[in-house]
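Hi everyone, thanks for coming.

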Amino acid sequence: MSDRSKVFVTREIPAAGLDPVVAACDTDVWKDPLPPARDELLKRIAGCDGVLSLLTEKIDAEFMDAAGPQLKVISNFAVGFNNIDIDEAKRRGIRVGNTPDVLTDATADMAFALLISAARRIVESQDYVRAAKWKTWEPLGHIGVDLIGRTIGIVGMGRIGMAMAKRCHGGWGMNVLYHDMNQNKDAEAQFAARQVDFETLLAESDFVSVHTDLNETTKGLFNADAFGKMKSTAVFINSARGPIHHQPDLYTALSSGQIFAAGLDVTDPEPISMDDPLLSLPNCVIAPHVASATISSRNGMAEIAADNLLAGLSGKPLRCAVA
Ligand code: GLV
């Protein structure tokens with residue numbers, strides 16, 4: 001019998017992370033691009049010492065029971081970890097790792113790309129061209145909103161919020177407002193950012209960009225009430241987690257002209273249902289949760305996830321520990 005640790009990798013990840021795991025462990029890799037069904041996941045995890053998981057896997061007490069008491073480490077291939085019951089993992093002494101930093105710039109780039117796409121109606125314009133509707137240069141057509149010197153409101157001034165503020169302030173001369181439980185003195189010094197309450201941020205921002213984690217206080221934070229307090233010219237950006245916005249309320253806000261446009265890299269649920277009315281709106285740009293999808297980010301995430309997994313298996317401190 002092998003004395004190598006037994007691990008389950010819930011999807012193929014870049015070789016930069018998969019190769020060292022396969023070299024060191026008795027590794028079962030889920031090769032299908034779609035996530036394993038719940039019963040398959042619970043079957044495959046049985047007897048494993050570690051798991052390298054994606055945000056699509058719900059890792060709760062049932063999962064940990066199915067794995068068994070030898071489970072030492074959960075290494076999430078993501079910076080977010082709302083798919084994991086952290087308290088339960090802590091209670092059982094299971095280490096949990098995530099992959100911060102390497103995706104900060106890529107995620108802020110995506111948030112900014114969504115901002116400018118929604119503000120300048122880029123996707124809608126492309127659809128117009130492809131539908132053979134472009135007949136002439138239109139003085140009154142395709143009018144968007146300006147960016148220079150406007151106000152960006154950042155909800156969650158952590159690493160990614162800071163990177164978004166840097167782009168908006170440094171590149172486009174925007175005023176920066178932020179809402180966060182903690183004061184961020186670096187953001188205040190570098191971007192003249194001003195910490196404000198949520199209502200002030202909603203009322204004064206031309207662009208509102210979400211960079212907070214999903215938790216009990218942020219779930220549904222952007223609902224009818226919040227959209228109702230935003231400017232009618234405002235653009236809403238969410239590249240964090242879908243459930244932070246209430247999707248039917250966002251539809252109402254966009255379709256009634258309560259806000260100008262939205263750019264989403266995340267939806268609720270994921271993937272978005274093809275029946276979701278948001279898909280019918282020209283003023284909503286939607287990407288399939290791809291903010292970290294760059295070569296260096298995904299390779300970096302793979303390396304950290306592998307390091308976390310291998311460290312946890314050998315009882316060493318994780319490179320990036322959540323618990
Ligand atoms: C992606 O959403 C991540 O949390 O890394």
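So, strand 6 runs parallel to strand 7 (residues 175-179), and five bridges join the two. Strands here are DSSP runs of E with at least two residues, helices are runs of H or I with at least four, and both are numbered from the N terminus. Two strands count as paired if DSSP finds at least two bridges between them.

Before I go on: this is a predicted model, where local features need pLDDT of at least 70, side-chain atom pairs count only at pLDDT 80 or more, and totals for chains, interfaces and linings use all residues. Residues are numbered from 1 along each chain as its sequence is written, and side-chain values use heavy atoms, leaving out hydrogens and water.

Back to our strand. Strand 6 also pairs with strand 9 (residues 207-210), again parallel, over four bridges. Look at Val-155: its bridge partner in strand 7 is His-179, and in strand 9 Val-210 stands opposite Val-155. Together with helix 7 (residues 159-172), strands 6 and 7 form a right-handed β-α-β unit; right-handed means that, with the strands pointing away from you, the path from the first strand over the helix to the second runs clockwise.

Is strand 6 buried or exposed? Five of the five residues in 151-155 are buried, so strand 6 is largely enclosed by the rest of the structure. Buried means under 20% relative accessible area, using a 1.4 Å probe and protein chains only. Thr-151, Gly-153 and Val-155 point one way, Ile-152 and Ile-154 the other.

Finally, Thr-99, in the loop between strand 5 and helix 5, is buried at 0% relative accessible area. Its contacts (heavy atoms within 4.5 Å) beyond four places in sequence include Asn-76, Phe-77 and Met-301.

Note on methods
Buried < 20%, exposed > 50% of the residue type's maximum accessible area, 1.4 Å probe, protein only.
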